[in-house]
Amino acid sequence: MSTASVNDSSLPPVTKPASHWLWVAVSTPAHSSVSEPLSYLSDAPIAPGTLVRVPLGRREVLGVVWDAPPDGAVPDLPEGVTPRSIAGVLQGVAPLDASWRRLTAFTARYYQRALGEVALAALPPQLRDLTPEQMARRIQRKTRKKKDMAGVASAAIHPTPAPVALSDEQRRATLQIEAEDGPFLLFGATGSGKTEVYLHSVQRALEADPRAQVLVMVPEINLTPQLEARFLERFAPVYGDEAVVSMHSGMTSAQRLKSWLAAHTGEARIVLGTRMAVFASMPQLALIVVDEEHDASYKQQEGARYSARDLAVWRGREQQAKVILGSATPSLESWHASRSPSTDDPHGGRYLRLHMPSRIGAAELPRVRLVDMGQQPRGAVFSPPLLQAITERVERGEQCLVLLNRRGFAPVLHCKDCGWKSDCPHCSAHQVFHKIDRTLRCHHCGFTQRVPHACPSCGNVDISPLGRGTEQLEEQLAELLRNVITPQRRAARVARIDADTTKAKGALEEQLAAVHSGEIDVLVGTQMVAKGHDFRRITLVAAVQPDGALFSSDFRAPERLFALLMQAAGRAGRDADYIAEQGGNPPEMWIQTWHPEHSLYTSLRRHDYPRFAAEQLQERADAGMPPFAYQALVRADARTQEAAQAFLTAVSERAREAQLPGLDHVFLFPPVPMAVQRVANVERAQMLIESAHRGALQHFLAAWQSVLHAERANHKAVIRWLVDVDPQAI
Ligand code: ADP
Ligand code: ZN
Ligand code: ZN
């Protein structure tokens, strides 16, 4: 146990004889080696989980009273250190319960971070900043409002609105969810009505226990408004508007605090949120839903690099809440974990797989058409048959979606005379050409410049874009379709949705509304538009240049590509009635590829995720990769690549010298530069650690922490290091 330092005479001395020891989790700066709660004194005993203000150095900070260590209730203070007292208790906020404390403690342990850092980061930021007085006022205001509202709320309560009649597949899934413990992997085609299964299961959970709470997670903030609307529509009439709250980083601090308090007090019955919501304090948690469970955004990419999906499963088991993971293209980890028992695998996986292969109503999955780009005119962005198909759809008044996972106009500018390329001066990456404001922008460090008038290296005025991004695609498509007339007798309209067009608040909602209302005929976009949206009139989706990921060095690249293309295909032909009205032309997914024979595309053409997964899993098993092995990455950032790698080499040598536990079952790879080696003038190297046993890897990493901290002192050129457990990108 560590103790708050007190060599600071500016602070008031301890006045009253305080007699109770408290262990308090506080956020100490990252990478200080303080990973345990600090000890403080208090006049009275205070329950674990209570929020307190405590002195830390010269500051006063928020802390969470933690459980006393099992080995005695008196800390072992170093010589000359005087204990300090807590500054105050945040009145009116009930203590965080034991299961919340176990969740955050597990997260810190598993992802190799300090407990205080994880626990405090899991609380809404405003809780950290408000004084106890401000906090008390907040809570008072809230209770007063609640009293005023009491009459209104009860008047607004109606009987449960009649839910839609479930399809057979939906009914079977919901019955199994009710009957079994789970965790469940709901493997349902795009448009099979997974959301309806969630809604139904949520309703059952809430009805079964008048205090039960439910957590529903979605990968993107963009998807929360649509989901929130559906949940409000279904549940607000029964439980009131206050019963459904959101939690994501797009909310103001005040809104986040409000939602957090509502969840913590149990007033909120349903919490909808992004990955951060997995840490919401929900004392009566009965059900967790993780929608699009394969999505990469469930993995936090800084601080504690947790997987909200994996924590959801852990939390569900710990708090005895059911867990539903849903996807049309599950992560291979979850797919493998939900395998059925077989003769040489009598137990099967830990999850229960529920299958919903059919779309709702008569809707069919789109036909997948592969265009062999080797057979098309050279240099064509849109192959003639694809352009023809888009034209026909638009002329019939249908909508098309064109997917290209790269924003900007062109990924690089170059000079044909001398070979100059628009490299970022600070990164080992090109600066992307954005035509709209004639800038070169680095998507890694943000460095932005005006486009030069001539080649900076040889003076040639003829510098040109190489490759293409969404901005160029939009421009070219508008040009190609300029003579196409819609049934409303107007020219075809092309629009683009990507991170550049949606920066302003509300911009995405506006642009999506324009698509839904039919103002837009062809939508060009990045993966942002491929996921989740329930478009009703899109009948054709095209991926113009998806091949890149087929040959990536990251073994998860094919998995991500397959998921993205399936999701994109899932945006087409969702409304069977509309397709029928239009004359019954089946929806289509077009893929322009140089490798039409590739097995990934064969599986895609058949909408055969199980085939794709089986192939990938076989490859992974043969190569001893996840889910058949467990990995961690250690990354070091330094002024030079040599320095970064030297640190990593040293820490693996120290680990071997010290014969750290677990080492027998853990393999340490040599350090290598990261794929993008230099970002913002910092060199980055990484080292992979792998084991067939999760436990051995965990043992080793835990023992290694102090080695990493200690060795850092010998490597002055190292700027930072970090550990990523279960990394998603290698
Ligand atoms: P998924 O999440 O599986 O892609 P959704 O939950 O968005 O699918 O459902 C697809 C569409 O089908 C939605 O418009 C939804 O309202 C509708 N739907 C879902 N279940 C039913 C049902 N049982 N009866 C009628 N329509 C349904
Ligand atoms: Zn850069
Ligand atoms: Zn030049």
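Reply: Pro-183 is placed in the loop between helix 5 (168-179) and strand 7 (184-188), where helices (H or I, at least four residues) and strands (E, at least two) are DSSP runs numbered from the N terminus. Its peptide bond with Gly-182 is cis, with omega about -5°. The model is predicted, so local features need pLDDT of at least 70 and side-chain atom pairs 80 or more, while totals for chains, interfaces and linings use all residues. Residues are numbered from 1 along each chain as its sequence is written, chains are lettered from A and ligands numbered from 1 in written order, and side-chain values use heavy atoms, without hydrogens or water.

A cis peptide bond also joins Pro-626 and Pro-627, with omega about 5°. Pro-627 is found in the loop between helix 18 and strand 25 (630-638). Helix 18 (residues 609-623) and helix 15 (residues 557-569) have axes that come within 11 Å and cross at roughly 175°; axes are lines fitted to C-alpha atoms, for helices over the stretch in contact, and angles run from 0 to 180 degrees between N-to-C directions. That crossing makes helix 15 roughly antiparallel to helix 18, a label for angles over 145 degrees. In the contact (heavy atoms within 4.5 Å), Pro-558, Glu-559, Phe-562 and Met-566 of helix 15 meet Tyr-609, Phe-612, Gln-616 and Arg-620 of helix 18.

The metal sites may be taken next. The zinc ion (ligand 2) is coordinated at 2.3 Å by the SG atoms of Cys-424, Cys-427, Cys-442 and Cys-445; donors are N, O and S atoms within 2.8 Å of the metal (3.2 Å for Na, K and Ca). Angles of 106 to 113° between its four donor atoms make the arrangement tetrahedral, a term that requires all angles to lie between 85 and 135 degrees. Along the chain, the donors of ligand 2 follow the spacing C-x2-C-x14-C-x2-C. Cys-424 lies in the loop between strand 16 (412-415) and strand 17 (432-434), and Cys-445 in the loop between strand 18 (439-441) and strand 19 (448-450), so the pair ties together parts 21 residues apart in sequence. Cys-424 counts as buried at 3% relative accessibility, whereas Cys-445 is partly exposed at 29%; buried means under 20% relative accessible area, exposed over 50%, and partly exposed in between (1.4 Å probe, protein chains only).

The zinc ion (ligand 3) is coordinated at 2.3 Å by the SG atoms of Cys-415, Cys-418, Cys-455 and Cys-458. Its site is tetrahedral, with angles of 104 to 114° among the four donor atoms, and the donors have the spacing C-x2-C-x36-C-x2-C. Cys-415 belongs to strand 16 and Cys-455 to the loop between strand 19 and strand 20 (463-466), so this pair ties together parts that are 40 residues apart in sequence. Cys-415 is buried, with a relative accessible area of 1%, and Cys-455 is buried at 4%.

Arg-438, in the loop between strand 17 and strand 18, has phi near 45°, a positive value in a residue other than glycine; at 40% relative accessibility, Arg-438 counts as partly exposed. Gln-112 also has a positive phi without being glycine, near 60°. Gln-112 lies in the loop between helix 1 (98-110) and helix 2 (115-121) and is buried, with a relative accessible area of 9%.

Conventions
Parallel < 35°, antiparallel > 145°, perpendicular 65-115°, else oblique. Tetrahedral: all angles 85-135°; square planar, octahedral: opposite > 155°, others 65-115°.
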